[in-house]
Amino acid sequence: MKGIATLLVAVALADEPFEVELAALQAELHEQQTLLKDQQLRFDHLESLNSGRRLQVTVTDFNTQIAAVKSSINNLGGALDSAWLCLCGALVMFMHAGFAMLETGCCRAKNASNVLMKNLVNVCCGTLGWWSLGWAFAYGGAAENGFIGTTGFFGTGFYTQDSTTGIITPSTMLSWFFQWAFCTAGATIVSGAVAERVKSPTYAAYALIMTSFIYPVVVAWTWGGGWLATVFDVSYMDFAGSGIVHLTGGVSGLAGTVVLGPRKGRFVNPEEFEPHNLPLVVLGTFALWFGWYGFNPGSTLTMKTGNDGALAAQVAMNTTLAAATGGITVFVLRYFITKKYDVGGLCNGILAGLVSITAGCGSMECGSAFATGLIGGFVYQGASMLLQKLKVDDPVDASPVHGFCGIWGCMAVALFDWGKGFDHYHGWSGWSCTPGSDGVSCKTGANGTGLGANVVM
């Protein structure tokens with residue numbers, strides 16, 4: 001402004017006519033002065049507003065706002081968990097379609113209707129067994145006595161209702177649904193092992209007992225917090241159920257097929273018992289593989305954070321690698337043994353890889369998943385040949401796939417745990433090591449203990 005005033009004096013002293021320029025400069029000077037006054041008024045106004053706000057904010061208001069934000073975050077996390085588990089539970093339920101197609105295609109055409117009916121009966125009776133007794137035995141407080149749950153029969157306690165307002169607060173239904181899918185999937189493993197030799201009413205009775213007592217007790221010991229959950233100092237490790245689901249179903253199937261004996265003529269004219277519909281076998285295998293992405297990634301049980309999503313992705317990758325590796329391994333082995341391309345062997349090899357990786361999919365790297373699927377293929381092929389040598393008639397090789405590969409999966413999870421070297425052990429800790437007694441440092445010497453716990457399991 002001083003420069004402008006000087007210029008005005010110079011212009012006034014000059015003899016040349018600068019009236020036009022002088023008027024323009026005076027107008028610009030007036031505009032700048034007006035703008036400065038306006039900015040000062042705005043500054044004073046904002047300062048007074050901020051001063052008032054500072055006086056109005058209290059610790060109580062601040063804590064209330066923080067609590068509201070936390071509540072919103074918790075609600076969002078709960079919604080994500082619900083959507084995740086409902087989706088994954090539905091995928092696991094779809095595995096029944098895979099079992100139905102696979103088992104029907106592997107059996108003779110004349111028994112297709114019976115096989116399909118058993119799969120439907122399994123889901124219906126299994127649901128009633130899980131609702132009435134199974135859930136309570138598995139998750140109704142098994143940690144208190146170490147053996148079996150005692151509360152939650154027939155869905156009691158699944159929600160609370162305010163006596164005054166009648167408002168209902170849900171609590172258990174989400175977990176019930178997701179675990180129901182696992183329960184009925186484990187039970188239906190047996191239907192393939194005993195195919196073509198069991199009456200539907202008898203099978204319905206089995207499905208009720210399996211889902212209401214046998215499987216729930218195994219779950220109570222493990223996922224339910226029973227005695228195996230505290231064995232040794234690192235506990236057992238079975239992320240999605242190589243032992244808890246598949247080994248239980250595989251052993252039950254082996255027991256059933258041994259008790260029933262082989263089908264008439266099975267080992268006299270084996271060519272008469274070849275799969276009658278390979279397209280159904282292949283479609284069933286793809287459906288099971290698809291459903292496994294609910295089985296394994298869904299076992300993260302939560303999807304609140306980025307780490308949860310990353311773990312689910314790691315599990316999905318390991319699941320895919322093991323399945324592909326197991327399938328190719330058995331396919332090549334069968335070719336060397338029979339000099340033929342065995343599509344059924346390829347399908348069962350894929351399932352063998354899936355079962356093998358189910359326990360360790362959340363605690364091993366992808367290279368270890370490849371090794372798990374590779375060895376799983378050898379385990380399946382050896383077990384299948386052993387049962388045929390012993391004249392044990394398992395139409396779909398359910399026992400070699402789910403039972404023997406289930407055992408291997410329980411060993412692989414400890415042998416291939418991605419803890420640093422053989423000294424650290426991750427197990428249930430996912431991306432982190434098992435903490436030591438101080439809760440901060442990594443527990444050392446835990447790998448061998450983890451293997452021992454899984455041998456006990």
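Mentor: Some ground rules. This is a predicted model, where local features need pLDDT of at least 70, side-chain atom pairs count only at pLDDT 80 or more, and totals for chains, interfaces and linings use all residues. Residues are numbered from 1 along each chain as its sequence is written, and side-chain values use heavy atoms, with hydrogens and water left out.

Trainee: Why are α4 and α6 called oblique to each other?

Mentor: Helix α4 (residues 112-139) and helix α6 (residues 173-193) pack at about 130 degrees, with axes 8 Å apart. Angles under 35 degrees count as roughly parallel, over 145 as roughly antiparallel, 65 to 115 as roughly perpendicular and the rest as oblique. The pair is therefore oblique.

Trainee: Which residues of α4 and α6 meet?

Mentor: Among them are W130, W131 and W135 in α4, and W176 and W180 in α6. Contact here means heavy atoms within 4.5 Å. By class, this contact of α4 with α6 has 9 nonpolar, 9 polar and 1 charged residues. Ala, Val, Leu, Ile, Met, Phe, Trp, Tyr, Cys and Pro count as nonpolar, Asp, Glu, Lys and Arg as charged, and the others, Gly among them, as polar.

Trainee: What makes α13 and α14 roughly antiparallel?

Mentor: Again, look at the angle. α13 and helix α14 (residues 447-456) pack at about 170 degrees, with their axes 8 Å apart. Over 145 counts as roughly antiparallel, so α13 and α14 get that name. The contact is made by C410, M411, V413, A414 and L415 of α13 with N447, G450, L451, N454 and V455 of α14. Those residues divide into 7 nonpolar, 3 polar and no charged.

Trainee: What makes a space a cavity or a pocket?

Mentor: On a 1 Å grid over the protein atoms alone, a cavity is a set of points where a 1.4 Å probe fits but cannot get out, while a pocket is an open set with protein on both sides within 12 Å along at least five of seven lines. Lining residues have an atom within 4 Å of a point. A search of the whole structure finds 1 cavity of 30 Å³ or more, and the largest cavity has a volume of about 80 Å³. Its lining includes F99, E103, N348 and H402.

Trainee: And how many residues line the largest pocket?

Mentor: There are 30, with R266, E274, R334, D342 and Q388 nearest its centre. The largest pocket holds about 830 Å³ of space. Helix α12 gives the most to this lining, with 6 residues.

Methods: Points joined across faces, edges and corners; volume = space filled by probe spheres on them. Helix = DSSP H or I, 4+ residues; strand = E, 2+ residues; numbered from the N terminus. Axes fitted to C-alpha atoms, helices over the stretch in contact; angles between N-to-C directions.
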